[in-house]
Amino acid sequence: MKVRFYSAVLSLALIGTSVSVDATSKEDLLKEQQEVESRLKETERSQNQTSEKLILTKQERKEARAQLNEVNSRLDDLALKIADQQAAVAASKEQLRLTEAAISETLKELHQQEELLGSRLRAVQQKGDVKYIEVLLDAKDFGDLISRFSTVSEIIKQDDHVLQAYKGNVKQLSEQRSEQALLLESMKREQRKLLVLQTRIIAESELKRKLVVQLNTKVKELQQEQFSKAEEAEILADQRRLIQNELIALQEAERKAKEEAKRKAAEAARVAEAKRQAEAAEAARAAEAKKKKSDAPSAEPTIPEVESPTATPEQPADAVTSRPFHLPVQGYVSSPFGPRNNPLTGKPEIHKGIDLVNAKGTPIHAAAGGIVLRAGSATGYGNVVMVTHLIDGQVYTTVYAHLDSISVSAGQTVMPGKTVGTLGTTGWSTGPHLHFELHKGEWAVGQPNAVDPAPYIF
């Protein structure tokens, strides 16, 4: 924030405070300047540390996001494998079902074949080849015997072929069913492994996601801290400028005082020389008169004394009368200075000012004459005006926070009662009110100079 001052001399700018340049000694200002410089360096060092932390945290977040993307990519690939495995298991189940259906069909065909063979096949199964011998012995002649023998042989072959084919089919289907059952069980085991792996990767993904969320939060906190440190550095830099301007004013006053002392010394020397010359001339005249009238009786001449001019003593400077701070706005105090529970977080804190409640848009007035240190937005304060005052040699800073609008600018000189803005509820606020702070000294990080404004305004 670039602050332009409308007066090079702070004491002259604080109109209405009855303060002269001599109210604050040069030694005090130099001490204040050293303290502000020290706080500014500490704030800049802290700001650099925060920036380094922010860079490292962003890099860590980038790596965590890359790891999360890699885990999610693995999870997507695994989901495809699980889907393929599920499809393969389903196909294997279907193939097993078809095999079992084929076995069932083969058994059904066997039963049908047994029905066709009837008692003959059952007799063969029970008594061997007895029936076939009877068939051969009933032959009428040798030709009939040969014919019957060929027929019986063919029937036996066909029956044996049917039985062997049945046994082969049953064996093949049973083996196929066993193989498919083993394959299905293997697929199910593989599927279970994939599901377990999927559960682990999901857990890993959740951990990475939580890490990214935590790092996002940390980045936001560091960015907010960095922003706050920048604001603090701006305020401290503004205070340093004010002190530098006051030092310039004191140096100018010292220069003028020296010039005035030289002028008075020269004037005193001139008066002394004139007196000496006048006395010498009078002495010469007296000597000449005495010589001329040495023989004549005469009264001793009276030499008139020349009154020596004296410098008019300087009048002592008027005593600096401190003006009390005025109430910046009418309203009831909803939260006094001191311990309380934060209305936003509910946590215990020290309230560094007083809250004055009134309608939104009510004009806010400067509590005393001074120079506007800051006029703009600040973390927590919302729209805020800070004014530096010099009263009875003591520096004060007043803060007017949560304003709805601001009607002054940084570096501007304000009279007591000057409207600096209107009451509002910007920043960390729960309703329209003025948060008013009084600092005995400069505004500093952590508000260590804040005092209870009540004794100064009520």
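Predicted model: local features only at pLDDT ≥ 70, side-chain atom pairs only at ≥ 80, totals over all residues.
Trainee: Where is Thr-50 found?
Mentor: Thr-50 is found in helix H2, which covers residues 26-127.

Trainee: Is Thr-50 buried or exposed?
Mentor: Buried, because its relative accessible area is 2% and the cut-off for buried is under 20%.

Trainee: What is Thr-50 in contact with, leaving aside its neighbours within four places in sequence?
Mentor: Thr-50 is then in contact with Leu-222, Glu-225 and Gln-226.

Trainee: Changing topic. How many residues has the largest nonpolar core?
Mentor: That core has 23 residues. Among those with the most contacts inside it are Phe-325, Ile-364, Tyr-400, Leu-434 and Phe-436.

Trainee: Which elements give two or more residues to this core?
Mentor: Strands E4 (354-357), E7 (382-391), E8 (394-403) and E12 (434-440) do.

Trainee: And which residues does a second, separate core include?
Mentor: The second core is made of eleven residues, including Leu-242, Leu-373, Tyr-381 and Ala-401.

Trainee: Back to Leu-434. What is it in contact with, leaving aside neighbours within four places in sequence?
Mentor: The contacts of Leu-434 include Ile-354, Leu-356, Ile-364, Tyr-400 and Ala-401. Pro-328 and Asp-355 are also among them.

Trainee: Now rings. How many aromatic pairs does the structure hold?
Mentor: Four. One of them is Phe-325 with Tyr-396, with ring centres 5.3 Å apart.

Trainee: Why is that pair edge-to-face?
Mentor: Because the planes of Phe-325 and Tyr-396 are at 75°, and planes over 60 degrees apart count as edge-to-face.

Trainee: Where do Phe-325 and Tyr-396 sit in the chain?
Mentor: Phe-325 is in the loop between helix H4 (142-292) and strand E1 (332-335), while Tyr-396 is in strand E8.

Trainee: What about Tyr-400 and Phe-436?
Mentor: They form a tilted pair, at 5.4 Å centre to centre with 50° between the planes. Tyr-400 is in strand E8 and Phe-436 in strand E12, 36 residues apart. Tyr-400 has a relative accessible area of 0%, and Phe-436 is buried at 1%.

Trainee: Which residues do ring pairs link into a cluster?
Mentor: Phe-325, Tyr-396 and Tyr-456.

Trainee: Last one. What is the phi of His-402?
Mentor: Near 65°, a positive value in a residue other than glycine. His-402 is found in strand E8 and counts as buried, at 5% relative accessibility.

Terms used: Residues numbered from 1 in each chain as written. Heavy atoms only, no water. Helix = DSSP H or I, 4+ residues; strand = E, 2+ residues; numbered from the N terminus. Buried < 20%, exposed > 50% of the residue type's maximum accessible area, 1.4 Å probe, protein only. Contact = heavy atoms within 4.5 Å. Core = buried A, V, L, I, M, F, W, Y, C linked by side-chain atoms within 4.5 Å. Phe/Tyr/Trp six-rings, centres within 6.5 Å; stacked < 30°, edge-to-face > 60°.
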